[in-house]
Amino acid sequence: MEIALGKMAEEKASTTEIRAYADQLVQDHTNVDQTVVAMAQKSGAHLQNGAAAHREGRHEIVHEKQLERKLKSASGPDFDRLFLQQTSSDHERLIRKLQQDREDASDDDLEALIDKMIPILEQHRELAQILMKKEQT
Amino acid sequence: MVEGSDAANLQANGAVYRASPGARFAAGIAAGMVGGILMMGFMMTYASVTGAGVTMPLKALGALVYGVESLIAGPTAMLVGALVQLGFSMVLGILFALFVSRGTSTIVALFAGIAVGIAIWAAMDLFVLPFTNPTMAARIALMPLAYFIAHLLYGAGLAMTPAFIRTFTKERLNYGGERVAETRPIRKHRLLLWIGGIFAALIVALFVASFFLDGMIRARTQAAMNQKLKGYHVALARAHLQLVGGLLTLNGLKIIQQAHPHPAVADVPMMRFHIEWKELLSRRVVADVLLSHPQVHIDQTQLVSEKNDRVPLKQKGWQDALEAVYPFKVNRFTIDEGDVVYIQDAVNPPLHLAKLNFTTDNIRNIHAPNNVYPSKVHANLVIFGTGRATIDGHANYLEEPFPGARTRFTIENVPLSALDPEIRQINLAVSGGRLFGSGLVEYSPKVTRIQVDNVTIERVVVRYVHAPATQQAEAQRVKATGKQIEKQNNRPAVDIELREFDITHSSFSYTDKTKDPNYRLFFNDTDIALKNLSNHQQQGPADLTLHGKFMGSGDTTVSGDFLASQHGPAFNMKVAIQNTDLPSMNDILRAYGRFDVAAGQFSVFSEVSIKDGDMNGYVKPMFANLEVYNYQKDKNTGVLHQAKELVIGGASHLFKNSSTQQVATKIDLTGKLTSPGVSTWQAIMQVLHNAFIEAILPGLDRAVRPNAATDTNRPAHRARSVPPPST
């Protein structure tokens with residue numbers, strides 16, 4: 001989802017910094033995705049496609065659809081604000097989930113991968129919050 | 001400064017060169033910059049290739065000043081990052097220059113530089129970055145190996161410090177002992193330095209440029225291969241040609257059969273070509289090819305399509321396609337952890353060859369070209385899950401008209417039951433059974449040699465079913481097998497030798513579904529030993545022994561020898577089957593004699609010898625404790641009243657029993673083979689059939705017929721059915 005959001009923001013963001021941020025999001029998440037897929041192939045695990053993997057319930061699908069509609073209809077500073085809020089909360093949620101997954105994981109490689117992913121996600125969250133502060137001032 | 005009397009010495013010795021602090025300082029800066037540029041160039045290239053973005057390293061460095069915002073701060077942060085990199089590089093270079101001199105050798109400087117590079121890497125990774133630049137630390141964690149290599153490159157740059165010192169050393173004394181103005185260094189040294197610098201820059205540029213050619217290389221490689229292939233085409237996901245070193249890597253190569261494209265018949269995750277550098281010493285530029293984890297996946301449809309194709313598989317252009325990819329001839333070929341799966345049908349498990357490792361070297365016969373087989377070959381693999389095979393030997397790939405090879409093989413624990421679905425096509429069914437063996441195979445345009453030292457099959461159950469639908473095919477198969485064997489008999493340049501073949505604890509059964517009722521004969525708990533089987537007469541006869549239980553009860557011993565005679569079949573055979581439980585043979589008695597028995601034991605003794613067209617021998621069946629009841633008392637059918645003529649005997653009544661009331665009788669087997677040209681194999685089969693089936697049963701019938709009238713008042717007993725063989 002972050003990749004999709006990032007690609008949307010690359011086109012619709014109103015400032016250079018937010019576009020740069022979106023570009024960085026897309027690059028980092030694509031890179032991490034490839035690393036995860038390669039690791040899954042190596043270990044023989046079967047990965048669901050992106051949409052199915054993120055599904056946790058019907059309300060999640062509805063929420064994603066609503067968000068997509070909102071972002072598509074927004075533009076300018078409104079889009080920027082929505083985008084930054086969404087990525088900030090998404091990353092917060094992802095970081096918590098990964099920290100929990102790391103505690104549950106028994107595989108060394110998986111733990112190492114999570115250890116590498118979390119700092120990158122923290123950087124994204126921090127950037128989103130910095131940009132949101134700049135937007136407010 | 002040198003004065004006075006020293007000047008005379010100097011005059012005698014010539015000019016003197018000393019490194020000034022300025023020279024050291026400049027050298028340190030220059031070497032540090034070279035190292036810094038090498039390091040940054042490599043990191044940027046790596047980041048670009050791996051999708052992290054070519055500017056990521058600069059942004060990460062800029063985070064020292066801008067923090068995490070350097071990731072979005074644009075060119076300013078990158079410029080700051082570049083300056084940070086160069087600044088630190090120069091400072092460290094100056095420090096390095098304090099510890100080396102203009103006299104330090106290149107090797108020593110290189111070792112020292114690399115050691116310093118590693119030390120800097122360790123310090124940065126463990127102590128400096130996590131505290132001073134966590135943004136960069138997080139990014140480096142995604143490419144740890146690249147970061148390490150980058151520091152090695154930095155160390156290589158530092159190693160240029162002595163050379164720079166020599167270049168920048170300017171103070172010397174003239175012959176008058178006066179210090180003269182600083183002069184330029186000797187042109188030769190500067191020229192060498194410039195050449196070296198340009199060369200290094202060129203290498204870096206080629207290295208970087210390689211990554212930008214990937215798309216073009218991929219498209220061209222795929223097109224070149226597809227132009228050469230017939231009936232197949234390839235799809236290539238990625239390709240990378242490293243211009244420095246000539247290393248070509250293909251990733252995600254799929255080979256697809258055009259007739260049946262799904263699934264792909266081969267999937268090669270990585271295929272690598274590189275120049276075999278050691279052969280440059282032999283003044284040959286040749287290639288080393290590696291296939292990493294290739295997977296071959298064939299189903300029956302694809303196999304049949306390939307078999308029916310007019311163009312044989314080896315002529316589909318494989319070699320041309322390989323040569324179209326890389327400009328140099330292949331001299332070494334390796335398969336690493338290959339996998340071959342053949343899917344027979346939707347019901348049976350696939351045949352699987354796994355962990356296939358294959359290496360062959362010296363393909364171009366660069367070394368030992370006069371040897372018959374100059375190229376080394378090694379392979380090992382897992383067969384059908386539990387079996388293992390190892391092949392070691394030599395080959396000659398340049399032999400005409402086809403390559404030859406001579407290899408030793410060892411096979412262990414191969415489950416024969418995996419072949420069951422395939423061999424059912426020849427009326428055989430196999431269950432259980434493990435194959436062990438070793439020997440030598442040599443195949444070339446000049447000679448074919450198969451020398452099996454020993455083969456052992458343990459605990460196999462083999463069933464042959466003779467069915468109405470396949471009768472004709474079976475007869476043709478026997479004939480064709482016989483012809484093939486005869487063809488190889490005493491054939492020059494073909495040596496087939498089986499030194500020892502053992503089958504232990506096994507069962508063999510023959511079911512005849514063409515008769516009514518169907519009957520089944522079997523041997524269980526059987527051990528067979530075959531020694532010295534050869535296709536050449538001068539190797540002497542092969543010895544066969546068999547011990548087992550006929551129909552689960554009759555102690556059986558068969559011994560014999562047979563020879564690949566040039567004058568027709570030649571064999572001697574002794575058979576003894578004792579105390580077979582006769583009711584277990586009721587099916588065959590009903591099928592041929594239309595009667596069955598309630599009790600009795602059957603024994604048979606036989607000796608047969610065939611040589612030079614003459615057959616001598618006898619068959620002596622014996623029955624004891626016989627109790628017979630008519631199977632169909634109202635029917636005078638199914639009784640063989642006379643022996644069938646022996647196919648391979650001249651006399652038409654050769655096997656006709658004499659009229660005797662005795663249960664035991666001796667049947668002579670004497671005569672001439674009417675078809676001396678039949679194979680030994682066919683002759684054995686025919687004797688067995690005629691002597692035991694056609695002769696004994698009619699004899700039994702006549703022996704018991706006089707008692708049939710007195711048996712009709714006895715209550716009918718249901719004859720026991722033939723028990724299945726124990727396995």
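How many salt bridges are found across the interface of chain B and chain A? The rule finds 2 across that interface. The model is predicted.

## Interface of chain B and chain A

The size of an interface is often given as the accessible area lost when the parts come together. Here chain B and chain A bury about 1,400 Å² between them, and 57% of that area is on carbon and sulfur atoms. On the side of chain B, the residues that lose the most area to chain A are B:Val68, B:Ile72 and B:Arg139, which together account for 40% of what that side buries. Counted by contact, 16 residues of chain B meet 18 residues of chain A.

One salt bridge joins B:Glu69 to A:Lys134, with the closest N and O atoms 2.7 Å apart. Between chain B and chain A, 5 residue pairs are in polar contact, both residues being at pLDDT 80 or more. On the side of chain B that touches chain A, helix H3 (56–66) and helix H6 (134–140) of chain B each supply at least two residues. H6(B) provides the largest share of that side, 4 residues. By class, the side of chain B that touches chain A is made of 9 nonpolar, 4 polar and 3 charged residues.

## Nonpolar patch on chain B

A nonpolar patch on the surface is formed by B:Leu64, B:Val65, B:Tyr66 and B:Phe88. Together these residues have about 380 Å² of accessible area. H3(B) gives the most to this patch, with 3 residues; B:Leu64 is found in helix H3 of chain B.

## Salt bridges in the whole structure

Over all chains, a search of the whole structure finds 23 salt bridges. Side chains of opposite charge can pair when their charged atoms come close. In chain B, the side chains of B:Arg332 and B:Asp361 meet in a salt bridge at 3.1 Å, N to O. B:Arg332 lies in strand E8 (residues 330–343) of chain B and B:Asp361 in strand E9 (residues 351–361) of chain B, so this pair ties together parts that are 29 residues apart in sequence.

## Backbone details in chain B

Strand E9 of chain B also holds B:Lys355. Phi of B:Lys355 is near 50°, a positive value in a residue other than glycine.

The peptide bond from B:Glu400 to B:Pro401 is cis, with omega near 0°. B:Pro401 is in the loop between strand E11 (387–396) and strand E12 (404–415) of chain B. A cis peptide bond also runs from B:Asp516 to B:Pro517, with omega near 0°. B:Pro517 sits in the loop between strand E15 (494–512) and strand E16 (519–534) of chain B.

Notes: Residues are numbered from 1 along each chain as its sequence is written. Chains are lettered from A and ligands numbered from 1 in the order in which they are written. This is a predicted model: local features need pLDDT of at least 70, side-chain atom pairs count only at pLDDT 80 or more; totals for chains, interfaces and linings use all residues. Side-chain values use heavy atoms; hydrogens and water are left out. Contact means heavy atoms within 4.5 Å. Buried area is the accessible area (1.4 Å probe) that two parts lose on being put together, summed over both. A salt bridge is a side-chain nitrogen of Lys or Arg within 4 Å of a carboxyl oxygen of Asp or Glu. A polar contact is a pair of N or O atoms within 3.5 Å; within protein, one must be able to donate a hydrogen and the other to accept it, and residues adjacent in sequence count only if both atoms are side-chain atoms. Ala, Val, Leu, Ile, Met, Phe, Trp, Tyr, Cys and Pro count as nonpolar, Asp, Glu, Lys and Arg as charged, and the others, Gly among them, as polar. Patches are made of residues with over 30% relative accessible area and no salt bridge: like charges are joined within 9 Å, nonpolar side chains (Val, Leu, Ile, Met, Phe, Trp, Tyr) within 5 Å. Accessible areas come from the Shrake-Rupley method with a 1.4 Å probe; for residues, only the protein chains shown count as cover.
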